[in-house]
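Hi everyone, thanks for coming.

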Amino acid sequence: MKKFAVSLLVFTFIMLSIVPVSLAEENNETAYVDVAAATLWVEPDLTRDIDKTSFTNPVDLRKWTTSMTYEEKLWLVGNLETQALLGNKVTILERKGDWVKVVVHGQGTPRDERGYPGWMPANQLVYNKKFAKMDNSPFIMVTSTTTRLYENASLSKQKMEISFNTRLPYITQTPSAYLVLMPNGQKAWIKKSDAKKYNSVKDIPQPTGEDIVETAKKFLGLPYLWAGTSGFGFDCSGFTLTVFQANGINIPRDSSPQSKSGISVAKEDLQKGDLLFFAYNNGKGRVHHVGIYIGNGMMIHSPNTARTVEIIPMDTLGYVEEYAGAKRYLP
């Protein structure tokens, strides 16, 4: 009987040690995004056949975003919440079948102090102890709009395509590439020309307004994607969030909360890098859009499903009458 009890205890321990991430929500466990960018939904199982390449592991976001018609992309409005990049930490809150509700760390929102909420497929998450222990280690951040991971230092064997602002723990380097740790515990290489090494987030240089503008201009012509926060597509506030985050400044995820923080700036005192807000009811209602001031009365923004990241005058019809003020997040 004693041997049976010991055997049962050992068996239980082994089984608990291999419980998949999808079952971890009861203890609000943390996990890490295991795909180039995980797309979070308002509810589980809302996906259509055309969305398949966005909720598998691995994903093919380029195929997904380019295969949709305008009407199919417009349907996403209101059905998606946000995106989380490869290596992003999440906290698992709830499970329904093959889906988990999570909050994404680093995406501030008044909806949940822990992070931005949404539903995603459980198979896009992983937990690896070695990766988790490197949370505060030196990291490599992708600085190109997208880049590839490679299996070898010679960069001849491609792995997945990943997004701007993706951050992965640094291991070592060659003259032309960085070796990084992936969330699943495997290693991969990144071209040095597409990324930068930082010892910590505080090590990211304090940006100027010109730095913000130059970062934003990398994405000119990139098609809009509702809830997008990656180099595969942005919504308006996902664009500003990512541009600032890549420059070491965390701002809220959505345009309305973004408009309630920072320092208020009069229109005549605008400087490059200031955020511009637009609201319903001739600028007096709810804030629904945000752009970045680039100087000379111009702004850069990710406007709507029908368009791409663009530069336009602030006084463009449709925007000038909805102007609701500006905020400065730069020192």
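Before anything else, one term: when I say two residues touch or are in contact, I mean that they have heavy atoms within 4.5 Å. Some housekeeping too: this is a predicted model, where local features need pLDDT of at least 70 and side-chain atom pairs count only at pLDDT 80 or more, while totals for chains, interfaces and linings use all residues. Residues are numbered from 1 along each chain as its sequence is written, and side-chain values use heavy atoms, with hydrogens and water left out.

Okay, let's start with N79. What does N79 touch, if we skip residues up to four places away in sequence? The list is W41, V42, L46 and W226. Take W226: it sits 147 residues from N79 in sequence, yet the two are 8.9 Å apart in space, C-alpha to C-alpha. N79 itself is in the loop between α3 (70–74) and β3 (80–85). Those labels are DSSP runs numbered from the N terminus, with helices being H or I of at least four residues and strands being E of at least two.

Is N79 buried or exposed? It has 17% relative accessibility, so it counts as buried. The cut-offs are under 20% relative accessible area for buried, over 50% for exposed, and partly exposed in between, using a 1.4 Å probe and protein chains only.

Next, α6, which is mostly covered: ten of its ten residues are buried. Among them are C236, F239 and Q245.

So what packs against α6? Helix α5 (residues 209–217) does, and α6 covers residues 236–245; the angle is about 125 degrees and the axes are 9 Å apart. That makes α5 oblique to α6. For the cut-offs, under 35 degrees is roughly parallel, over 145 roughly antiparallel, 65 to 115 roughly perpendicular, and the rest oblique. The axes are lines fitted to C-alpha atoms, for helices over the stretch in contact, and angles run from 0 to 180 degrees between N-to-C directions. From α5, the contact uses I212, T215 and A216, and from α6 it uses F239, V243 and F244.

Zooming out, the protein chain has eight helices and 22 strands. Of its 331 residues, 52% count as buried. And of the contacts between residues at least 6 apart in sequence, 60% join residues at least 24 apart. Finally, the C-alpha atoms fill a box of roughly 80 × 45 × 35 Å along the principal axes.
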